[in-house]
Amino acid sequence: MNTDITASAKPEYPVIDRNPPFTKTVANFNTLDYLRLSTITGVSVTVGYLSGIKPNIRGPSMVTGGLIGLLGGFMYAYQNSVGRLMGFFPNEREVARYKK
């Protein structure tokens, strides 16, 4: 059994930063990342509201759903951003921006 982690983690695209810090990753968010974050948050708020109708706890359920959606959306956007910086996702714009 091959336990070499690096054997399966070969970037397909140019690597900009192998270990990007939090601030650089968040600064690298693009419009699509923010759109995904807000969509996931909005859907989660709606689902939270609708799931709280029957037990009559719409407000707390909506806030909880929104917080879960906000965190999930942020993690999804962060994953895409760090993937582009590390060369695992297509990163033409990032290469043009950081290789100046």
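Colleague: Let us start with Y34: is this residue buried, partly exposed or exposed?

Modeller: Please keep in mind throughout that we are looking at a predicted model. The relative accessibility of Y34 is 46%, and the middle class runs between the buried limit of under 20% and the exposed limit of over 50%. Y34 therefore counts as partly exposed.

Colleague: Which kind of aromatic pair do F29 and Y34 form?

Modeller: The ring centres of F29 and Y34 are 5.5 Å apart, and their planes stand at 70 degrees to each other. Ring planes over 60 degrees apart are placed in the edge-to-face class. The pair of F29 and Y34 is therefore edge-to-face.

Colleague: F29 also pairs with F74, so how many residues apart in sequence are the parts that this second pair ties together?

Modeller: The rings of F29 and F74 make a tilted pair, with 5.7 Å from centre to centre and 55 degrees between the planes. F29 lies in the loop between α1 (22–27) and α2, whereas F74 belongs to helix α3, so the pair ties together parts of the chain whose separation in sequence is 45 residues.

Colleague: How do F29 and F74 compare in accessibility, and which class, buried or partly exposed, does F74 fall into?

Modeller: F29 has a relative accessibility of 9% and counts as buried, a class that requires a value under 20%. For F74 the relative accessible area is 27%, which puts this residue in the class called partly exposed.

Colleague: Which residues do the ring pairs link into a cluster?

Modeller: The count of aromatic pairs comes to five, and the pairs of F29 with Y34 and of F29 with F74 have already been described. Taken together, ring pairs link a cluster made of F22, F29, Y34, F74 and Y78.

Colleague: Turning to charges, what is the distance between the closest N and O atoms of K24 and D17?

Modeller: K24 is partly exposed at 23% relative accessible area, while D17 counts as buried at 18%. The charged end of K24 also sits over the ring of Y98, 4.9 Å from the ring centre. Between K24 and D17 there is a salt bridge, in which the closest N and O atoms are separated by 3.4 Å.

Colleague: Finally, which residues make the nonpolar surface patch?

Modeller: I53, which lies in the loop between α2 and α3, counts as partly exposed at 39% relative accessibility. I53 is one of the residues in a nonpolar patch of about 350 Å², and the patch is made by Y49, L50, I53 and M62.

Technical notes. Residues numbered from 1 in each chain as written. Predicted model: local features only at pLDDT ≥ 70, side-chain atom pairs only at ≥ 80, totals over all residues. Heavy atoms only, no water. Patch = residues over 30% accessible without salt bridge, like charges linked within 9 Å, V, L, I, M, F, W, Y side chains within 5 Å. Areas by Shrake-Rupley, 256 points an atom, 1.4 Å probe, with all protein chains shown as cover. Salt bridge = Lys/Arg side-chain N within 4 Å of Asp/Glu carboxyl O. Helix = DSSP H or I, 4+ residues; strand = E, 2+ residues; numbered from the N terminus. Buried < 20%, exposed > 50% of the residue type's maximum accessible area, 1.4 Å probe, protein only. Phe/Tyr/Trp six-rings, centres within 6.5 Å; stacked < 30°, edge-to-face > 60°. Lys NZ or Arg CZ within 6 Å of the ring centre and 35° of its normal.
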